[in-house]
Amino acid sequence: MKEAAMREKELAVECGDVDKSGIPLVTVIVEGSWTKRSYRTNYSSLSGAAAIIGARTGKLLYLGMRNKYCGTCAWAVRLNIPPKQHKCFKNWSGNSTAMESDVIVEGFCQCLKMYGIKFNRVIGDGDSNVCKMILDARPYHDLLVEKIECKNHLLRNFCNKLQELARSSKHGHVCEKELPIVF
């Protein structure tokens, strides 16, 4: 990740993407996932991960995981004994839906210290609150992070809304069968 960050840093400087202090500004792509996710119905995953990827290189700059469960601790609770000394992987007690944004905000807050760069633009899906959380965290006091909508997610969400509209009886019946999604 450090090598990828240094390459992103070089490319940003070459393109003149630096702030007034000379700190390189890097555009990143963010994405997260949960181990259990049924779209729009169940958000109770016990673990999740998120990644920050450099837009110019396509390489990983930051990766984090959140776990609401530790097997060793759970076993000890079942047996009603104190857990043995172990490396506990439970590092999250909040809502599963906030795992992705927490990891990404952490990456934004750490990038200056870790690599000497700032993430100034974020390309991501439109169905998460990641951008709001980044803006609320204000990782860089002198820079407002810009959101760029991922065209793949934008198109998929648009097609889903069109299909819902076509099948919806409250807007009048438009179509008998499911519409094909063509990319």
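Guide: Two strands are taken to pair if DSSP finds at least two bridges between them. Strands (E, at least two residues) and helices (H or I, at least four) are DSSP runs, numbered from the N terminus. The model is a predicted one, in which local features need pLDDT of at least 70, side-chain atom pairs count only at pLDDT 80 or more, and totals for chains, interfaces and linings use all residues. Residues are numbered from 1 along each chain as its sequence is written, and side-chain values use heavy atoms, with hydrogens and water left out.

Strand 2 (residues 47-54) and strand 3 (residues 60-67) run antiparallel and are joined by 7 bridges. Within this pairing, alanine 49 has methionine 65 of strand 3 opposite.

Of its 183 residues, 34% are buried, that is, under 20% relative accessible area with a 1.4 Å probe, protein chains only. As for confidence, pLDDT is the predictor's confidence in each residue, from 0 to 100. The protein averages 86, and 79% of the residues score at least 70. Confidence is highest in helix 1 (residues 2-14), at a mean of 98, and lowest in helix 5 (residues 151-167), at 66.

Key
Buried < 20%, exposed > 50% of the residue type's maximum accessible area, 1.4 Å probe, protein only.
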